[in-house]
Amino acid sequence: MSPILIGRGTLLKCGIFEVSRFRKKEHQLWIITPWRFVYQPVVFAISNIARCQRHHSKTRGFTYQTMSSQVIEKTDSDAASKDMQELHVSTSYESAMQALSSLITRQKRGERGPVGGKYGKLERMDMYLKILDLEDPIAGLKIIHVAGTKGKGSTCTFCEAILRECGFKTGLFMSPHLMDVRERFRICGLDISEDKFLLYFWDCWNQLKEGITSDIPMPPLFQFLTILAFKIFVLEKVDVAIIEVGLGGKNDSTNVIKEPVVCGITSLGMDHTEALGNTLGQIASHKAGIFKPQIPAFTVPQASEAMDVLQERAHELEVPLQVVAPLNSVNLEGFTLSLSGDHQFINAGLAISLCKCWLQRTGNWDKLFQNMDKWESYLPDVFLRGLSTAYLPGRAQVVHDSFLQSYISPEVGENTCGDLIFYLDGAHSPESMEVCAKWFCDAIKIRKQSQSISSTLDLQIRKEIWANGYSHQGRGTFEDINKVSKQILLFNCMDVRDPEILLPRLVSSCASTGTYFSKAIFVPSMSSYNKVISGATINPSNMLSRDLSWQFKLQSLWEKIVHGIEVDPLLDQGIMDNINNLPPPEFLYEDASHCSIPDAHLACSTVIPSLPLAIKWLRDCVQEKPSLKIEVLVTGSLHLVGDVLKLLRR
């Protein structure tokens, strides 16, 4: 796994500076807790964070692990502890969400929001940091800065888990969130608690409100969240801050970071073309904007058009840029990557290099790994544990609907339902859609192989392998094994995306492995781009009166892909005039091979006017058919994935 060196021709030796708060891990604490709604248990290995308490919530028979929604963490700062004791946070969490919503300057993605004042974005960011007295403290943060098109979140998550396992107090800033805005701010691997979020949020909000002028208005949403992340990490005194770029790089709000310890560029592709340009070269130019003079940087193999731009920029700034090969599964020594999909070996390889360089440049590599020069041959145990326990929801995640598991038929006094399994991945670019399709098909194949093995061995307790590298000990019966499986697509995407590229990529990628969707369901998301809501909130307002023209357009495109026939996108809209007039269960039971368009009726797809209604309809269908196993791929939008998770959690 020898790196390709770019720049001066030789790799610059990483300059050393200390992390004075380095604490060697005193113990290993492994906690294994299943989320009952996840078909495979979500396994967390939490090291050196005894100060974090775990909390379980139960609603309507549904048990889930709240990463840190109700966790109160002990701060290392005496001053912060005193503030928390003395400050009475009287403002509700919902009020904070309303305040955040007021910072949204555009109605939907792709629009340019009007921001007043005479200064540019990064100039304003510097001024906001000055108002909050964060300029010098940010310079003291030891930052890993990561940009890219695909895999930013996974790479950052791997980095956080590895360095946490090494004994450091970690801070991770990511976007977007799926269910609650606090997901964007992780301390020691856990979402920041509600109490701490409110403390830091209102402190930041009030200081900015006092300091704004006509030339320096309140920051838009993402700028505010970025500033808030810096404030949280400074006051929490994290040893390392892993910062994911929001959009692009050069002009991104996170690019106020002047001197990170190391930078990373993940795989590049065609996304956000309205803002970054419509060529890989233009997109790469934006991403390379996070490079800083002589600061080491790492990237993964890229298309030549993108790599040329990265190389040129690295040469200009004398950046020692290394191209990192994907992680070889042999190096895992029996461990499994916690995030599913072959593409995660690319992200894991990048994360390993970023973490090693961070440890070297902060003077901690020799402290942790004395006499370990040949690290390329094998990985330290702490690296392996980090790679095998990192957790990122909504990306290649499998969820078994626990609502049906708890259902008892009044007629027979036992559970007689079929199975309803959700495969969730927020893919929304052409490249990520192909990756999503491969993961989904592989997961289906593994399940079928697992069932085949179980049927021949006649085991009561069998092991079913699922996404994210975790396994589930479940009770298997021949009735389960003999259930008829059908693959259903539940889809929506933002109208700034191009479904004429996304949907064909998805269909063709699945078909190439012999996987075909029986039916497709198109729904609007519950979440709206112009409002921030809490994770506990389901916003039903106007759900059934929304304009569904976009969903009917998606349906028309789907029918064209399946049948090769142009269909009026509003042809089937009449059936939605009455929300109770949903497709009969037989619609779901039929195979795709039986689909046709007799009498101008769309037989392979449907539009359902709200997501809650779609989930209820799927449950009803499976309850009526005990011999059925419905496997639903939810993709096209992280908003949609987050909304489905919210509904399944209730």
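Where does D180 lie? D180 is found in the loop between β7 (170–173) and β8 (185–187). This is a predicted model, in which local features need pLDDT of at least 70, side-chain atom pairs count only at pLDDT 80 or more, and totals for chains, interfaces and linings use all residues. Residues are numbered from 1 along each chain as its sequence is written, and side-chain values use heavy atoms, with hydrogens and water left out.

**View 1. The surroundings of D180.** D180 counts as buried because its relative accessibility is 9% (buried means under 20% relative accessible area, exposed over 50%, partly exposed in between, with a 1.4 Å probe and protein chains only). Not counting residues up to four places away in sequence, D180 touches Y93, S534 and G535 (contact means heavy atoms within 4.5 Å).

**View 2. Polar partners of D180.** The side chains of D180 and Y93 are joined by a polar contact of 2.5 Å (a pair of N or O atoms within 3.5 Å; within protein, one must be able to donate a hydrogen and the other to accept it, and residues adjacent in sequence count only if both atoms are side-chain atoms). A polar atom of the D180 side chain also lies 3.0 Å from the backbone nitrogen of R182.

**View 3. The two sides of helix α10.** Helix α10 spans residues 304–316 (helices are DSSP runs of H or I with at least four residues, strands runs of E with at least two, numbered from the N terminus). A306, M307, L310 and A314 are buried in α10. On the other side of α10, S304, E312 and H315 are exposed.

Methods: The expected span of a helix is 1.5 Å times one less than its number of residues.
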